[in-house]
Amino acid sequence: LLSESAELGEAARAMRDNAVSCVLVGSEADPGIVTSTDLRDALALHGHHPHEPIGPLARRPIVAIDDGALLLDALIEMERTRVKRLPVTRAGRIHAVLELGDLLSYFALHSNVILRVAGDAPDADALKPAIRSLVRMVSALQRIGMKPDRIGRLASEINRAIFHRVFDLVMPVDLRNDLCLIVMGSEGRAEQILPTDQDNALIVRDGIDPASLMPACRAFSEALAVIGYPPCAGNVMVSNPAWVLGESGFRNRIGHWIVNGSNDDVMNLAIFFDATAVAGDATLLAQVKAVLFEVSSAGDTFFARFASAINAFPVPINMFSRLQVERSGEQAGTLDIKKSGIFPIVQGIRSLALQHRLTVTGTLDRIDALVHLGAFDKRFARELGDAFGFLCTLRTQAGLAAFEAGQPATNRVRPADLSQIDQEVLVESLRVVLKLRKLITQHYRLDMLGF
């Protein structure tokens, strides 16, 4: 605690010598705070002299928090007040200062703790705390404004560690290196922030009977359900023999999806294109996935059929750019943020990525790669990235609210509950979705080809 008359130079030395980025100024009864940024601006930008007193720079009143508060409360308070340093009080007196960087480092360390717990779990039940910790961590990071793609990557790392551990617990030890467990869709793209339904498959090395693995596969799906990952409504999971195939079986299946081209085939091909290996021999996936890029010889009609899924769901804004919500029933007043906003962006970018034979799976990574290839300009890429991030944030908020209410995660958002600014950003984000649909329609000539 420096006196009001302490010189700016003295404050700078105190920060340096104590390896801190702020100092408290004044008395314990009425302290102020001066940060390294305040000091830098005063000396470098505003012409203050190092011998001037620091008192006039001190900011009051100080935003503080009691040392008995939860770390999550500290994060929320920092976000609410837009500060990066939060004094911690005990019995009314400041005895420490918590920095945003400290909290973020803690949560990063906390994720490592979750990973270690997952890796050492003796059975599936022991993995339940990891899921609860994951949800709490996502909630904290989302509330302080961390970008959804960063949260998604962190959450996916934890999810995949859990899947890997369950794989090790249930699969025959002598066959693990002849198998490849894959996750698909949003989990494959590292965009599944909260635990939702399972979306996985198992590639078996040719020469091993996939049917012999079905008891272990059913145990795998059942264990995930117990932990907190509900079964897939479309039965896209390893308990379904259709998603447990040998290498040649998957190659044949991909060929069928391409040639047949029904709506279900297109969506199966789409989610498989997003697949990422999480356990076993990853080369099995790489070898099977290479077949996907042979579709480049399939002609424009195939790509148009694949891309046409972008129009599967209506974008809920009218010609006057007003949001359109469900008018009746249990979902009255809501819209499905995944179907109406997130999916069209994912599918549009996925279509271009497949055509350009991109191996990256994340939507934002694909956007960056497509810009480099000249598929669209940087300005539109920024619009897409911003819209995608905002829509994913709304989905995460809705999912967290559902979890807090003891319900499964939801994709439903009630626009009336959003602030006026968020409603306007939602409209602008959906207008970007419409722009992408128009670009995809023109690029693949969907109208001319009857798609």
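In these legends, Ala, Val, Leu, Ile, Met, Phe, Trp, Tyr, Cys and Pro count as nonpolar, Asp, Glu, Lys and Arg as charged, and the others, Gly among them, as polar. The model is predicted, so local features need pLDDT of at least 70 and side-chain atom pairs count only at pLDDT 80 or more, while totals for chains, interfaces and linings use all residues. Residues are numbered from 1 along each chain as its sequence is written, and side-chain values use heavy atoms, leaving out hydrogens and water.

**View A. The lining of the largest pocket has 20 nonpolar, ten polar and eleven charged residues.** Here a pocket is an open set of points on a 1 Å grid over the protein atoms alone, where a 1.4 Å probe fits, with protein on both sides within 12 Å along at least five of seven lines; lining residues have an atom within 4 Å of a point. Of the 41 lining residues, Gly185, Asp197, Asp199, Ile271 and Lys338 lie nearest the centre. H13 provides the largest share, six residues.

**View B. The second largest pocket holds about 500 Å³ of space.** Look for Leu194, Pro195, Thr196, Phe403 and Ala409, which lie nearest its centre among 27 lining residues. H15 gives the most to this lining, with seven residues.

**View C. Helix H13 (residues 337–355) packs with helix H14 (residues 363–372) at an angle of about 45°, their axes 10 Å apart.** The contact (heavy atoms within 4.5 Å) involves Ile345, Val346, Ile349, Arg350, Leu352 and Ala353 of H13, meeting Thr363, Arg366, Ile367 and Leu370 of H14. By class, this contact has seven nonpolar, one polar and two charged residues.

Conventions. Axes fitted to C-alpha atoms, helices over the stretch in contact; angles between N-to-C directions. Helix = DSSP H or I, 4+ residues; strand = E, 2+ residues; numbered from the N terminus. Points joined across faces, edges and corners; volume = space filled by probe spheres on them.
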